[in-house]
Amino acid sequence: MSRNPAPRPPLPPERVWLARVADFLHNYPDDHPIQIALRTYALGLFLSLSPSVMSYIISSRVRKKGLQSLMRVFQRELSATGFAFAMTVAVGGGAALRKVWGISYDVGNESKASSSVSQATKLLPELKSSHRTFISYILSASAALTLLQHPTNNSAKWTGRPSATLDLTLLLTVRAMDFFVRSKVLPSACSSTKTLTKEERDELQAKRQRYTIRLDAFVFWACSARIMWCFFYEPHRLPRSYNKWIMSLANIDPRILGALRAIRTGDFSYVRHFTSKPEMLTSLSRDIGYPPAWGDVSRVPAYGGPSAQAAWESLGVKSRHGLGGIPCELVHGGITGSSCISNTSVRGVYAFAEAVAIYLPVHVIPILLTRPSKLLRADELVNTLLSALRSASFLSTFVSSIWITVCLTRTLFLARLMPWVSHDIWDGPFGCAFAGSLVCGVSIWIEQGRRRGEMALYVLPKAIRASLSDRFLNGGKGVRLCERAAFVLSLATMLTAAWHGQDSLRGLSRWTLAFIMNGPNAGFWKHKRQETRPSSPSLPSPSKSQSLP
């Protein structure tokens with residue numbers, strides 16, 4: 001005689017509520033506006049809150065400000081003018097408008113009787129699906145920007161400073177331009193290959209890919225040169241957080257940067273033996289254990305040659321035979337003494353350790369979110385780790401190449417080759433720091449080819465901002481109108497591309513929009529309930545009628 005199974009205990013109320021919410025969401029496909037809005041809001045909250053939360057956890061200086069500072073961040077980001085809600089209005093609202101417009105358009109076309117719906121749709125008979133999508137996102141992006149720049153948002157108030165949304169606008173503009181080039185230029189070139197054989201088409205495509213990789217490398221080199229020069233001489237042109245990150249990675253004493261900037265402005269001169277801040281370098285020399293006179297510009301020789309050697313002997317400096325300028329011990333910050341090679345090596349190792357902590361999550365987290373079982377295979381795990389180490393080597397080489405170029409310019413090679421040139425030139429705005437800024441970008445060739453494009457897209461918005469004049473950044477209504485137009489058009493272009501031009505997206509843009517618009521293929525909750533691993537998110541597959549015009 002079989003026994004009836006014992007009844008299961010009732011679920012807690014919160015689990016019943018979650019199950020009902022999950023059942024409600026399962027009634028909608030992954031590309032439904034409700035699903036899109038939920039994913040957008042969750043991702044937006046993560047992007048806007050995680051930096052502040054991590055800073056509060058890691059930094060004791062931030063924790064000293066108290067929990068109230070963190071709560072103010074939560075209050076700002078959870079409000080209707082916060083980043084997450086504004087992006088949800090742009091993405092989810094545009095998806096809803098697109099869906100409603102598409103339904104009404106289809107109904108109007110199918111309706112034989114004269115109705116208000118059919119009459120309205122007849123006004124726009126020639127609009128393609130991609131055009132309707134673009135117009136829908138134009139409207140929703142305009143509403144989102146209005147929220148981000150609302151007067152109640154203190155960061156959005158116009159005070160004669162650069163707009164608070166400028167960095168986001170530049171990022172969207174660069175990504176939209178990348179999509180435009182890839183969708184308009186590459187297909188037009190590929191259309192001429194229809195008469196070629198498969199082998200010839202593959203060879204031509206590989207050739208174009210090589211040109212693309214080289215162009216990405218050139219863009220990164222040019223942008224990194226501009227960014228690093230601004231880091232040395234005009235840090236106000238860079239985003240504050242980005243400038244602080246470079247500062248921590250370079251590990252350079254601020255007084256050295258102050259001396260470089262003073263030479264550029266004329267407040268520091270080896271030739272005139274003048275400085276407006278005499279304590280700047282003398283205090284540095286004293287703090288790292290050397291005589292303060294080593295940083296005294298009135299006693300440091302401006303030129304190389306025999307006269308410089310006599311000056312160094314009087315100061316007790318033994319490492320700058322026949323050279324001018326402040327000793328390398330001060331430039332190195334007391335880390336390795338006078339050895340330029342040792343300083344470069346130590347800086348490279350330090351940057352490599354910092355870079356591993358940065359790039360290991362960058363390479364591992366996307367796999368954990370999409371294909372976690374991939375890390376259980378030894379070969380895939382090794383490849384992932386090697387990719388992270390390769391990226392860390394790139395950043396380490398980026399940092400160390402600046403240091404070795406500075407030393408080659410002012411100490412090891414050029415200054416020795418031309419001792420008659422003053423160190424107002426070698427340490428000036430077009431001297432050692434300028435040479436280091438030009439050389440560091442070459443390290444991008446260490447990175448994988450497919451990641452060079454992503455790195456170029458990352459630094460290009462910052463380089464563009466660093467190239468804009470202060471007069472333009474602090475301009476009036478005309479500048480703000482230009483920024484608003486760029487924001488709306490760029491965001492609408494990217495969101496339209498997610499539906500109608502996904503093949504021309506790449507890197508982070510493709511992955512993020514794929515997740516937002518279609519989820520991890522069948523939806524996170526459905527995969528979770530079925531206890532199957534989620535695969536990589538894919539963008540919605542448009543029909544032929546939805547292709548870009």
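Start by selecting Asn251, which is partly exposed because its relative accessible area is 37%; buried means under 20% relative accessible area, exposed over 50% and partly exposed in between, with a 1.4 Å probe and protein chains only. Asn251 sits in the loop between α10 (240–250) and α11. The helix and strand names follow DSSP runs numbered from the N terminus, where helices are H or I with at least four residues and strands are E with at least two. Check the backbone here: Asn251 has a positive phi of about 55° although it is not a glycine. Most residues other than glycine have a negative phi.

A word on what is on your screen: this is a predicted model, in which local features need pLDDT of at least 70 and side-chain atom pairs count only at pLDDT 80 or more, while totals for chains, interfaces and linings use all residues. Residues are numbered from 1 along each chain as its sequence is written, and side-chain values use heavy atoms, with hydrogens and water left out.

**Next stop: His273**

Move to the loop between β1 (268–269) and β2 (274–275), where you will find His273. His273 also has a positive phi, of about 50°, although it is not a glycine. With a relative accessible area of 40%, His273 is partly exposed.

**Salt bridges**

Now show the charged side chains. A salt bridge here is a side-chain nitrogen of Lys or Arg within 4 Å of a carboxyl oxygen of Asp or Glu. By this rule the structure has 15 salt bridges.

Select Arg465 and Asp167, whose side chains form a salt bridge at 2.7 Å, N to O. This pair links distant parts of the chain, 298 residues apart: Arg465 belongs to helix α20 (residues 449–467) and Asp167 to helix α8 (residues 166–190). Is Arg465 buried or exposed? Arg465 is buried, because its relative accessible area is 13%, whereas Asp167 is partly exposed at 36%.

Then pick Asp287 and Arg255, another salt bridge, at 2.7 Å from N to O. Here the partners are 32 residues apart and link distant parts of the chain, with Asp287 in helix α12 (residues 279–287) and Arg255 in helix α11 (residues 254–265). Asp287 counts as exposed at 51% relative accessibility, and Arg255 as partly exposed at 22%.

Arg377 and Glu380 form a salt bridge too, with their closest N and O atoms 3.6 Å apart. Arg377 is partly exposed, its relative accessible area being 42%.

**The cavity**

Rolling a probe the size of a water molecule over the atoms shows where empty space is left. On a 1 Å grid over the protein atoms alone, a cavity is a set of points where a 1.4 Å probe fits but cannot get out, and lining residues have an atom within 4 Å of a point. Grid points are joined across faces, edges and corners, and a volume is the space filled by probe spheres set on the points.

How many cavities of 30 Å³ or more does a search of the whole structure find? The search finds 1, and the volume of the largest cavity is about 30 Å³. To see its lining, select Arg175, Asp178, Phe179, Leu457, Met494, Ser504, Leu505, Arg506 and Ser509. Helix α8 gives the most to this lining, with 3 residues. The lining divides into 4 nonpolar, 2 polar and 3 charged residues; Ala, Val, Leu, Ile, Met, Phe, Trp, Tyr, Cys and Pro count as nonpolar, Asp, Glu, Lys and Arg as charged, and the others, Gly among them, as polar.

Select residues 129–148, helix α7. Its buried residues include Ser129, Arg132, Tyr137, Ala141 and Leu148. Ala492 counts as buried at 0% relative accessibility. Draw a distance from Ala492 to Ala141: the C-alpha atoms are 6.6 Å apart in space, although the residues are 351 apart in sequence.

**Last stop: the cysteines**

A disulfide is a pair of cysteine sulfur atoms within 2.5 Å, and the structure holds 0 of them. Select Cys328, which is in no disulfide; the nearest cysteine sulfur, that of Cys340, is 3.9 Å away. Cys328 counts as buried at 4% relative accessibility. Finish with Cys223, which is buried at 6%.

Conventions. 1 Å grid on protein atoms, 1.4 Å probe; cavity = no way out; pocket = protein on both sides within 12 Å on 5 of 7 lines; lining within 4 Å. Expected span 1.5 Å × (residues − 1).
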